[in-house]
Amino acid sequence: MIAALAINTSLVAIVVVIHYEMLRLLSVLIPRLRIKHRLRVLIGVFGTICAHIIEICLFGLAFYLMVRDGGFGDLTGSFDGSLVDSISFSFTNYTTVGYGDIAPQGTLRFLAGVEAIPGLSLITWSASFMFIEMTQFCNGAYTFSVAAPSAYPLLQPAGIPGSHS
């Protein structure tokens, strides 16, 4: 169990650093591009998708190696022991889809459960990053207002009462 905890902790740290570095790179690169803003948004979307795929593949590789080791449990169901099936299983965990065609047994259940937490967090982080990029796309036509009567900020057209324009 100590080895599984060390693997899980290391994987979570690695994928968070990868994601941070990708978003940092995109935040520096995108404003420097001399192209239409809509193309910069697309580059941001593809960049974040690439980061997620890399992170999912790292978790998938961990599943593959841990199954091959034999001391961490097994993946059962529609699992043939391949790296592709391990990555496929990782996609369902990371995105919290959870199809159920492949099921972890033993200590691998711990890694499967842990993977969903950074997966959800990093997908949300990407969405927040893209929200900020998209608000810049509006070129000042919209402002982010926290003075709305609701407990949540609203995206309101500029010039409407309650907006900070």
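## After helix α3

Helices here are DSSP runs of H or I with at least four residues, numbered from the N terminus. The model is predicted: local features need pLDDT of at least 70, side-chain atom pairs count only at pLDDT 80 or more, and totals for chains, interfaces and linings use all residues. Residues are numbered from 1 along each chain as its sequence is written, and side-chain values use heavy atoms, without hydrogens and water.

α3 itself covers residues 83–94, 12 residues in total. Its first and last C-alpha atoms lie 16 Å apart, close to the 16 Å expected at 1.5 Å a residue; the expected span is 1.5 Å times one less than the number of residues.

## Helix α2 and its end

α2 runs over residues 37–69 and has 33 residues. Its reach is 48 Å, close to the 48 Å expected. Glycine 70 follows α2 with a positive phi near 90°.

## Packing of α1 and α2

α1 (residues 2–32) packs against α2 at about 165°, with axes 10 Å apart. Axes are lines fitted to C-alpha atoms over the stretch in contact, and angles run from 0 to 180 degrees between N-to-C directions. α1 is therefore roughly antiparallel to α2 (angles over 145 degrees).

The contact residues divide into 17 nonpolar, 5 polar and 2 charged. Nonpolar means Ala, Val, Leu, Ile, Met, Phe, Trp, Tyr, Cys and Pro; charged means Asp, Glu, Lys and Arg; the others, Gly among them, are polar.

Definitions and conventions
Helices (H or I, at least four residues) and strands (E, at least two) are DSSP runs, numbered from the N terminus. Angles under 35 degrees count as roughly parallel, over 145 as roughly antiparallel, 65 to 115 as roughly perpendicular and the rest as oblique.
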